[in-house]
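Me: Can you walk me through this fold, one question at a time?

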Amino acid sequence: MNVSLKNNDAVSGIVKLEIVKADYEERVDKSLRSLRQKVNMPGFRKGMVPLGMVKKMYGKSVLVDEINKLVSENLFKYIRENDLHILGEPMPNETEQKPLDFDKGEDFEFCFDIALAPVINIELSKDDKVPFYEVKIDDEMLNNQIQAYRSNFGSYEKVEEVEEKDLLKGTVAELENGSPKEGGIVVEDAVLMPMYIKNEEEKAKFIGAKLNSVVVFNPNKAYEGAEAEIASFLKIDKEKVAETTGDFSFEIKEISRHKDAEMNQELFDKVFGENEVSSEEEFKNKIKEALAEQFAPQSDFKFLTDIRDRLVEKAGELHFAEDLLKRWLLAANEKNTKEKIDEDFPKILQDLKYQLVKDDLVKKNNLKVEDADVESFAKRVAKAQFAQYGMLSVPEDVLDNYAKDMLKNKQTLQNVVDRAIEEKLAAWLKEQVELEVKEVSADEFSKLFE
(Lines give C-alpha, C1' and ligand atoms only; values in the text may rest on other atoms or scores of the structure.)
Protein backbone atom coordinates (compact mmCIF):
# COMPACT_ATOMS: atom_id res chain seq x y z
CA MET A 1 0.00 0.00 0.00
CA ASN A 2 1.20 3.47 -0.84
CA VAL A 3 0.20 6.40 1.40
CA SER A 4 1.19 9.96 0.54
CA LEU A 5 0.42 13.55 1.45
CA LYS A 6 -0.06 16.41 -0.97
CA ASN A 7 -0.07 19.81 0.72
CA ASN A 8 -2.57 22.28 -0.69
CA ASP A 9 -1.04 24.99 1.50
CA ALA A 10 0.47 25.33 4.98
CA VAL A 11 -2.80 24.42 6.73
CA SER A 12 -4.44 21.78 4.55
CA GLY A 13 -3.59 18.77 2.47
CA ILE A 14 -4.83 15.56 0.86
CA VAL A 15 -3.80 12.14 2.10
CA LYS A 16 -3.98 9.54 -0.68
CA LEU A 17 -4.09 5.78 -0.01
CA GLU A 18 -3.47 3.48 -2.99
CA ILE A 19 -4.61 -0.07 -2.29
CA VAL A 20 -3.87 -3.09 -4.47
CA LYS A 21 -5.29 -6.60 -4.28
CA ALA A 22 -2.29 -7.94 -2.36
CA ASP A 23 -3.06 -5.52 0.48
CA TYR A 24 -6.48 -6.93 1.25
CA GLU A 25 -6.72 -10.38 -0.37
CA GLU A 26 -5.56 -12.38 2.66
CA ARG A 27 -7.78 -10.40 5.07
CA VAL A 28 -10.87 -10.91 2.88
CA ASP A 29 -10.17 -14.63 2.52
CA LYS A 30 -9.74 -15.01 6.29
CA SER A 31 -13.01 -13.16 6.98
CA LEU A 32 -14.92 -15.28 4.46
CA ARG A 33 -13.57 -18.51 6.00
CA SER A 34 -14.54 -17.27 9.45
CA LEU A 35 -18.00 -16.30 8.18
CA ARG A 36 -18.40 -19.76 6.59
CA GLN A 37 -18.28 -21.33 10.07
CA LYS A 38 -21.34 -19.31 11.10
CA VAL A 39 -23.53 -19.44 7.98
CA ASN A 40 -26.76 -21.46 8.16
CA MET A 41 -28.09 -22.60 4.77
CA PRO A 42 -30.74 -25.23 3.96
CA GLY A 43 -29.17 -28.44 2.71
CA PHE A 44 -25.85 -27.90 4.44
CA ARG A 45 -24.63 -28.52 7.94
CA LYS A 46 -23.46 -25.43 9.82
CA GLY A 47 -19.90 -24.63 8.79
CA MET A 48 -20.04 -26.84 5.69
CA VAL A 49 -21.45 -24.37 3.14
CA PRO A 50 -19.04 -24.27 0.14
CA LEU A 51 -16.68 -21.32 0.30
CA GLY A 52 -17.63 -20.34 -3.27
CA MET A 53 -21.28 -19.94 -2.26
CA VAL A 54 -20.32 -17.89 0.80
CA LYS A 55 -18.16 -15.69 -1.40
CA LYS A 56 -20.96 -15.25 -3.93
CA MET A 57 -23.43 -14.26 -1.20
CA TYR A 58 -21.22 -12.14 1.06
CA GLY A 59 -18.04 -11.43 -0.90
CA LYS A 60 -18.76 -7.81 -1.78
CA SER A 61 -19.85 -6.76 1.72
CA VAL A 62 -16.82 -8.49 3.26
CA LEU A 63 -14.54 -6.82 0.70
CA VAL A 64 -15.96 -3.37 1.45
CA ASP A 65 -15.73 -3.96 5.20
CA GLU A 66 -12.11 -5.14 5.13
CA ILE A 67 -10.99 -2.35 2.80
CA ASN A 68 -12.64 0.25 5.02
CA LYS A 69 -10.81 -1.19 8.04
CA LEU A 70 -7.55 -1.20 6.10
CA VAL A 71 -8.04 2.43 5.01
CA SER A 72 -8.86 3.60 8.54
CA GLU A 73 -5.91 1.77 10.12
CA ASN A 74 -3.36 3.04 7.62
CA LEU A 75 -4.73 6.57 7.42
CA PHE A 76 -4.36 7.16 11.15
CA LYS A 77 -1.09 5.23 11.25
CA TYR A 78 0.32 7.60 8.62
CA ILE A 79 -0.92 10.65 10.55
CA ARG A 80 0.60 9.32 13.77
CA GLU A 81 3.95 8.23 12.33
CA ASN A 82 4.42 11.50 10.44
CA ASP A 83 3.40 13.57 13.48
CA LEU A 84 0.74 15.46 11.55
CA HIS A 85 -1.10 17.87 13.85
CA ILE A 86 -4.52 17.68 12.27
CA LEU A 87 -7.61 19.60 13.36
CA GLY A 88 -10.87 17.71 13.57
CA GLU A 89 -10.98 14.47 11.59
CA PRO A 90 -9.97 13.53 8.01
CA MET A 91 -12.85 14.16 5.59
CA PRO A 92 -13.52 12.33 2.31
CA ASN A 93 -12.13 14.42 -0.53
CA GLU A 94 -14.74 15.94 -2.85
CA THR A 95 -12.56 16.80 -5.87
CA GLU A 96 -9.81 14.20 -6.43
CA GLN A 97 -11.59 11.08 -5.19
CA LYS A 98 -12.14 8.66 -8.09
CA PRO A 99 -15.29 6.51 -8.30
CA LEU A 100 -14.99 3.17 -6.50
CA ASP A 101 -16.16 0.00 -8.27
CA PHE A 102 -16.15 -2.90 -5.79
CA ASP A 103 -17.83 -5.21 -8.32
CA LYS A 104 -15.10 -5.13 -11.00
CA GLY A 105 -12.17 -3.24 -9.53
CA GLU A 106 -9.18 -4.76 -7.74
CA ASP A 107 -7.11 -1.64 -7.06
CA PHE A 108 -8.62 1.28 -5.16
CA GLU A 109 -7.64 4.83 -4.37
CA PHE A 110 -8.93 6.82 -1.38
CA CYS A 111 -8.40 10.55 -0.84
CA PHE A 112 -8.96 12.44 2.41
CA ASP A 113 -8.85 16.14 3.13
CA ILE A 114 -7.06 17.09 6.33
CA ALA A 115 -6.89 20.44 8.11
CA LEU A 116 -3.46 21.07 9.62
CA ALA A 117 -2.69 23.17 12.67
CA PRO A 118 -0.69 26.32 11.91
CA VAL A 119 2.89 26.62 13.15
CA ILE A 120 3.09 28.60 16.40
CA ASN A 121 6.07 30.46 17.82
CA ILE A 122 5.75 32.37 21.08
CA GLU A 123 8.46 34.13 23.05
CA LEU A 124 7.89 35.38 26.58
CA SER A 125 10.10 37.49 28.83
CA LYS A 126 10.04 39.54 32.00
CA ASP A 127 9.01 42.48 29.83
CA ASP A 128 5.60 40.83 29.72
CA LYS A 129 3.71 42.05 32.78
CA VAL A 130 0.62 40.10 33.83
CA PRO A 131 -1.60 40.72 36.90
CA PHE A 132 -1.70 38.01 39.53
CA TYR A 133 -4.35 38.24 42.23
CA GLU A 134 -3.78 36.93 45.73
CA VAL A 135 -6.74 36.79 48.07
CA LYS A 136 -6.03 38.46 51.39
CA ILE A 137 -7.07 36.30 54.32
CA ASP A 138 -8.35 39.14 56.51
CA ASP A 139 -9.64 39.00 60.08
CA GLU A 140 -13.27 38.91 58.96
CA MET A 141 -12.72 35.85 56.78
CA LEU A 142 -10.65 34.19 59.48
CA ASN A 143 -13.23 34.85 62.18
CA ASN A 144 -16.08 33.65 59.97
CA GLN A 145 -14.22 30.40 59.34
CA ILE A 146 -13.48 29.94 63.03
CA GLN A 147 -17.15 30.56 63.83
CA ALA A 148 -18.13 27.98 61.21
CA TYR A 149 -15.89 25.39 62.86
CA ARG A 150 -17.19 26.23 66.31
CA SER A 151 -20.73 25.85 65.01
CA ASN A 152 -20.04 22.62 63.06
CA PHE A 153 -18.33 20.96 66.02
CA GLY A 154 -20.74 22.37 68.59
CA SER A 155 -23.22 20.36 70.66
CA TYR A 156 -26.87 20.46 71.70
CA GLU A 157 -28.01 20.84 75.28
CA LYS A 158 -31.47 20.34 76.74
CA VAL A 159 -33.14 23.53 78.05
CA GLU A 160 -36.45 24.44 79.70
CA GLU A 161 -37.55 27.52 77.73
CA VAL A 162 -37.73 28.20 73.99
CA GLU A 163 -35.55 30.69 72.15
CA GLU A 164 -35.74 31.47 68.41
CA LYS A 165 -32.90 29.19 67.26
CA ASP A 166 -33.85 26.20 69.43
CA LEU A 167 -34.91 22.81 68.06
CA LEU A 168 -38.29 21.61 69.36
CA LYS A 169 -39.60 18.07 69.34
CA GLY A 170 -43.11 17.07 70.28
CA THR A 171 -46.59 15.99 69.22
CA VAL A 172 -48.68 17.95 66.75
CA ALA A 173 -52.46 17.48 66.68
CA GLU A 174 -55.15 19.01 64.47
CA LEU A 175 -57.77 20.96 66.43
CA GLU A 176 -61.49 21.53 65.97
CA ASN A 177 -63.23 24.10 68.18
CA GLY A 178 -60.14 24.17 70.40
CA SER A 179 -60.02 20.39 70.99
CA PRO A 180 -58.26 17.54 69.17
CA LYS A 181 -60.21 16.76 66.00
CA GLU A 182 -61.63 13.27 65.81
CA GLY A 183 -59.77 11.42 63.06
CA GLY A 184 -57.63 14.52 62.52
CA ILE A 185 -53.93 14.77 61.76
CA VAL A 186 -51.57 13.68 64.54
CA VAL A 187 -47.76 13.67 64.25
CA GLU A 188 -46.00 12.09 67.22
CA ASP A 189 -42.42 12.97 66.30
CA ALA A 190 -42.78 16.48 64.91
CA VAL A 191 -39.71 18.74 64.70
CA LEU A 192 -39.82 22.53 64.56
CA MET A 193 -37.43 25.49 64.76
CA PRO A 194 -39.07 28.87 65.45
CA MET A 195 -36.43 30.70 63.40
CA TYR A 196 -37.84 29.15 60.21
CA ILE A 197 -41.42 30.28 60.85
CA LYS A 198 -42.13 33.09 58.38
CA ASN A 199 -45.10 34.71 60.13
CA GLU A 200 -43.87 36.77 63.09
CA GLU A 201 -47.13 36.41 65.06
CA GLU A 202 -47.04 32.64 64.79
CA LYS A 203 -43.34 32.58 65.65
CA ALA A 204 -43.95 34.70 68.78
CA LYS A 205 -46.28 32.00 70.17
CA PHE A 206 -43.28 29.68 70.62
CA ILE A 207 -40.71 32.15 72.00
CA GLY A 208 -40.60 31.79 75.78
CA ALA A 209 -42.75 28.65 75.82
CA LYS A 210 -41.84 26.13 78.53
CA LEU A 211 -40.98 22.45 78.28
CA ASN A 212 -44.12 20.25 78.33
CA SER A 213 -46.35 23.22 77.52
CA VAL A 214 -48.78 23.25 74.58
CA VAL A 215 -48.66 25.92 71.90
CA VAL A 216 -51.64 26.48 69.61
CA PHE A 217 -50.66 27.78 66.18
CA ASN A 218 -51.65 27.70 62.51
CA PRO A 219 -49.12 25.93 60.22
CA ASN A 220 -50.76 27.43 57.13
CA LYS A 221 -50.10 30.93 58.43
CA ALA A 222 -46.73 30.04 59.94
CA TYR A 223 -45.32 28.73 56.66
CA GLU A 224 -47.50 30.73 54.27
CA GLY A 225 -46.94 29.72 50.65
CA ALA A 226 -44.52 26.91 51.52
CA GLU A 227 -46.62 23.88 50.61
CA ALA A 228 -43.70 21.48 50.62
CA GLU A 229 -42.62 22.52 54.14
CA ILE A 230 -46.18 22.23 55.52
CA ALA A 231 -46.69 18.83 53.86
CA SER A 232 -43.39 17.56 55.28
CA PHE A 233 -44.13 18.93 58.77
CA LEU A 234 -47.65 17.45 58.95
CA LYS A 235 -46.71 14.32 56.97
CA ILE A 236 -49.50 14.82 54.41
CA ASP A 237 -49.65 15.03 50.62
CA LYS A 238 -48.98 18.44 49.09
CA GLU A 239 -52.45 18.36 47.51
CA LYS A 240 -54.07 18.32 50.97
CA VAL A 241 -52.20 21.38 52.26
CA ALA A 242 -54.74 23.83 50.82
CA GLU A 243 -57.52 22.03 52.73
CA THR A 244 -55.62 22.10 56.04
CA THR A 245 -56.20 25.69 57.21
CA GLY A 246 -57.12 25.27 60.85
CA ASP A 247 -55.17 25.45 64.13
CA PHE A 248 -52.92 22.75 65.53
CA SER A 249 -51.50 22.12 68.97
CA PHE A 250 -47.81 21.48 69.55
CA GLU A 251 -46.97 19.73 72.82
CA ILE A 252 -43.31 20.54 73.52
CA LYS A 253 -41.59 17.38 74.75
CA GLU A 254 -37.99 18.42 74.17
CA ILE A 255 -36.08 21.70 73.66
CA SER A 256 -32.53 21.48 72.31
CA ARG A 257 -30.20 24.47 72.03
CA HIS A 258 -27.05 24.53 69.96
CA LYS A 259 -23.90 25.52 71.77
CA ASP A 260 -20.76 26.51 69.88
CA ALA A 261 -17.63 24.51 70.59
CA GLU A 262 -15.14 26.16 72.93
CA MET A 263 -11.82 27.44 71.57
CA ASN A 264 -9.74 24.71 73.15
CA GLN A 265 -7.60 21.69 72.35
CA GLU A 266 -10.66 19.52 71.73
CA LEU A 267 -11.75 21.82 68.88
CA PHE A 268 -8.21 22.04 67.48
CA ASP A 269 -7.99 18.24 67.37
CA LYS A 270 -11.40 17.86 65.69
CA VAL A 271 -10.51 20.33 62.94
CA PHE A 272 -6.88 19.43 62.20
CA GLY A 273 -6.29 16.09 63.86
CA GLU A 274 -4.92 15.10 67.22
CA ASN A 275 -2.05 17.30 68.46
CA GLU A 276 -1.52 18.94 65.04
CA VAL A 277 -2.22 22.31 66.69
CA SER A 278 -1.53 23.18 70.31
CA SER A 279 -2.48 26.86 70.67
CA GLU A 280 -5.06 29.37 69.47
CA GLU A 281 -2.39 31.22 67.48
CA GLU A 282 -1.33 28.01 65.70
CA PHE A 283 -5.00 27.22 65.08
CA LYS A 284 -5.56 30.58 63.38
CA ASN A 285 -2.38 30.31 61.31
CA LYS A 286 -3.34 26.82 60.18
CA ILE A 287 -6.76 28.06 59.09
CA LYS A 288 -5.13 30.91 57.15
CA GLU A 289 -2.93 28.39 55.34
CA ALA A 290 -5.95 26.21 54.51
CA LEU A 291 -7.92 29.18 53.18
CA ALA A 292 -4.97 30.36 51.08
CA GLU A 293 -4.61 26.83 49.68
CA GLN A 294 -8.27 26.83 48.66
CA PHE A 295 -7.88 30.12 46.75
CA ALA A 296 -4.61 29.16 44.99
CA PRO A 297 -6.21 27.22 42.08
CA GLN A 298 -8.65 30.09 41.51
CA SER A 299 -5.77 32.59 41.40
CA ASP A 300 -4.02 30.43 38.80
CA PHE A 301 -7.24 30.16 36.78
CA LYS A 302 -7.62 33.96 36.79
CA PHE A 303 -3.97 34.32 35.80
CA LEU A 304 -4.45 32.00 32.81
CA THR A 305 -7.58 33.95 31.85
CA ASP A 306 -5.65 37.24 31.95
CA ILE A 307 -2.66 35.94 30.00
CA ARG A 308 -4.82 34.25 27.36
CA ASP A 309 -5.19 37.28 25.06
CA ARG A 310 -1.47 38.08 25.44
CA LEU A 311 -0.51 34.59 24.31
CA VAL A 312 -2.88 34.62 21.32
CA GLU A 313 -1.58 38.06 20.35
CA LYS A 314 2.04 36.87 20.52
CA ALA A 315 1.18 33.90 18.31
CA GLY A 316 0.46 36.41 15.55
CA GLU A 317 -2.02 35.94 12.73
CA LEU A 318 -2.92 32.27 12.47
CA HIS A 319 -4.47 30.87 9.31
CA PHE A 320 -6.86 27.92 9.15
CA ALA A 321 -8.51 25.77 6.51
CA GLU A 322 -11.83 27.34 7.44
CA ASP A 323 -14.02 25.70 4.80
CA LEU A 324 -12.71 22.27 5.74
CA LEU A 325 -13.20 22.91 9.46
CA LYS A 326 -16.77 24.01 8.81
CA ARG A 327 -17.37 20.83 6.79
CA TRP A 328 -16.07 18.74 9.68
CA LEU A 329 -18.18 20.61 12.27
CA LEU A 330 -21.28 20.05 10.15
CA ALA A 331 -20.57 16.32 9.76
CA ALA A 332 -19.50 15.78 13.38
CA ASN A 333 -22.84 16.80 14.89
CA GLU A 334 -26.15 16.17 13.18
CA LYS A 335 -27.71 18.98 15.21
CA ASN A 336 -25.39 21.53 13.61
CA THR A 337 -26.57 23.62 10.69
CA LYS A 338 -24.51 25.59 8.21
CA GLU A 339 -26.10 28.83 9.45
CA LYS A 340 -25.36 28.01 13.09
CA ILE A 341 -21.73 27.11 12.32
CA ASP A 342 -21.24 30.34 10.33
CA GLU A 343 -22.64 32.31 13.28
CA ASP A 344 -20.50 30.58 15.91
CA PHE A 345 -17.33 30.21 13.85
CA PRO A 346 -15.50 33.39 14.99
CA LYS A 347 -15.85 32.25 18.63
CA ILE A 348 -14.86 28.68 17.69
CA LEU A 349 -11.71 29.98 15.98
CA GLN A 350 -10.80 32.16 18.94
CA ASP A 351 -11.09 29.21 21.33
CA LEU A 352 -9.18 27.00 18.90
CA LYS A 353 -6.31 29.50 18.68
CA TYR A 354 -5.90 29.56 22.46
CA GLN A 355 -6.12 25.76 22.71
CA LEU A 356 -3.41 25.40 20.07
CA VAL A 357 -1.24 27.96 21.87
CA LYS A 358 -1.62 26.04 25.13
CA ASP A 359 -0.89 22.69 23.47
CA ASP A 360 2.19 24.18 21.79
CA LEU A 361 3.60 25.60 25.04
CA VAL A 362 2.93 22.34 26.90
CA LYS A 363 4.63 20.27 24.19
CA LYS A 364 7.65 22.49 23.53
CA ASN A 365 8.41 22.92 27.22
CA ASN A 366 7.91 19.24 28.04
CA LEU A 367 5.20 19.96 30.62
CA LYS A 368 4.20 16.35 31.04
CA VAL A 369 1.59 15.08 33.44
CA GLU A 370 2.42 11.69 34.89
CA ASP A 371 0.09 9.31 36.73
CA ALA A 372 1.51 10.57 40.03
CA ASP A 373 0.58 14.15 39.07
CA VAL A 374 -2.99 13.12 38.26
CA GLU A 375 -3.36 11.18 41.51
CA SER A 376 -1.88 14.06 43.52
CA PHE A 377 -4.22 16.57 41.88
CA ALA A 378 -7.24 14.30 42.47
CA LYS A 379 -6.30 14.05 46.16
CA ARG A 380 -6.12 17.83 46.42
CA VAL A 381 -9.54 18.10 44.78
CA ALA A 382 -10.85 15.57 47.29
CA LYS A 383 -9.21 17.45 50.16
CA ALA A 384 -10.77 20.74 48.99
CA GLN A 385 -14.21 19.12 48.77
CA PHE A 386 -13.92 17.79 52.33
CA ALA A 387 -12.66 21.21 53.47
CA GLN A 388 -15.87 22.82 52.23
CA TYR A 389 -17.65 20.84 54.92
CA GLY A 390 -15.13 21.78 57.60
CA MET A 391 -13.26 18.48 57.40
CA LEU A 392 -9.57 19.40 57.39
CA SER A 393 -8.10 16.33 59.06
CA VAL A 394 -9.22 13.65 56.63
CA PRO A 395 -6.89 10.60 56.85
CA GLU A 396 -4.58 9.97 53.90
CA ASP A 397 -6.08 6.55 53.16
CA VAL A 398 -9.57 8.10 52.94
CA LEU A 399 -8.28 10.77 50.52
CA ASP A 400 -6.53 8.06 48.47
CA ASN A 401 -9.67 5.96 48.15
CA TYR A 402 -11.86 8.98 47.42
CA ALA A 403 -9.47 10.15 44.70
CA LYS A 404 -9.27 6.67 43.14
CA ASP A 405 -13.07 6.47 42.99
CA MET A 406 -13.16 9.89 41.31
CA LEU A 407 -10.71 8.79 38.63
CA LYS A 408 -12.76 5.70 37.71
CA ASN A 409 -15.12 8.01 35.84
CA LYS A 410 -13.63 8.72 32.39
CA GLN A 411 -15.04 12.24 32.19
CA THR A 412 -13.78 13.11 35.68
CA LEU A 413 -10.38 11.60 34.85
CA GLN A 414 -10.07 13.73 31.70
CA ASN A 415 -11.12 16.81 33.64
CA VAL A 416 -8.49 16.16 36.32
CA VAL A 417 -5.81 15.56 33.64
CA ASP A 418 -6.72 18.84 31.90
CA ARG A 419 -6.61 20.76 35.18
CA ALA A 420 -3.30 19.19 36.16
CA ILE A 421 -1.83 20.24 32.81
CA GLU A 422 -3.15 23.78 33.26
CA GLU A 423 -1.60 23.88 36.73
CA LYS A 424 1.81 22.98 35.29
CA LEU A 425 1.35 25.49 32.49
CA ALA A 426 0.43 28.24 34.96
CA ALA A 427 3.50 27.46 37.09
CA TRP A 428 5.76 27.62 34.00
CA LEU A 429 4.19 30.84 32.70
CA LYS A 430 4.58 32.55 36.07
CA GLU A 431 8.32 31.96 35.83
CA GLN A 432 8.54 33.47 32.32
CA VAL A 433 6.68 36.75 32.83
CA GLU A 434 6.70 39.58 35.36
CA LEU A 435 3.87 39.12 37.83
CA GLU A 436 2.10 42.26 39.00
CA VAL A 437 0.90 40.84 42.31
CA LYS A 438 -2.31 42.45 43.56
CA GLU A 439 -3.73 41.61 46.96
CA VAL A 440 -7.54 41.72 47.02
CA SER A 441 -10.35 40.74 49.35
CA ALA A 442 -12.46 37.65 48.69
CA ASP A 443 -15.36 39.85 47.54
CA GLU A 444 -13.13 41.84 45.20
CA PHE A 445 -11.72 38.61 43.81
CA SER A 446 -15.22 37.21 43.15
CA LYS A 447 -16.19 40.37 41.25
CA LEU A 448 -13.27 39.82 38.87
CA PHE A 449 -15.17 36.84 37.44
CA GLU A 450 -18.42 38.73 36.84
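Me: Which helix gives the most to the lining of the largest pocket?
Reply: This is a predicted model, where local features need pLDDT of at least 70, side-chain atom pairs count only at pLDDT 80 or more, and totals for chains, interfaces and linings use all residues. Numbering runs from 1 along each chain as its sequence is written, and side-chain values use heavy atoms, with hydrogens and water left out. A pocket here is an open set of points on a 1 Å grid over the protein atoms alone, where a 1.4 Å probe fits, with protein on both sides within 12 Å along at least five of seven lines; lining residues have an atom within 4 Å of a point. Helices are DSSP runs of H or I, at least four residues, numbered from the N terminus. With 13 residues in the lining, the top contributor is α8.

Me: Which residues come closest to the centre of that pocket?
Reply: The largest pocket has a volume of about 1,000 Å³, counted as the space filled by probe spheres set on grid points joined across faces, edges and corners. It is lined by 35 residues, and the closest to its centre are E293, Q294, P297, R380 and A384.

Me: At roughly what angle do α3 and α8 cross?
Reply: Axes are lines fitted to C-alpha atoms, for helices over the stretch in contact, and angles run from 0 to 180 degrees between N-to-C directions. The axes of α3 (residues 139-152) and α8 (residues 280-314) come within 10 Å. They cross at roughly 105°. That counts as roughly perpendicular, a label for 65 to 115 degrees.

Me: What is the radius of gyration of the chain?
Reply: The chain has 14 helices and 12 strands (E runs of at least two). Taken over C-alpha atoms, its radius is compared with a globule rule of 2.2 Å times the number of residues to the power 0.38. That rule gives 22 Å for 450 residues, so the chain is more spread out than a compact globule, with a radius of gyration of 35 Å.

Technical notes. Angles under 35 degrees count as roughly parallel, over 145 as roughly antiparallel, 65 to 115 as roughly perpendicular and the rest as oblique.
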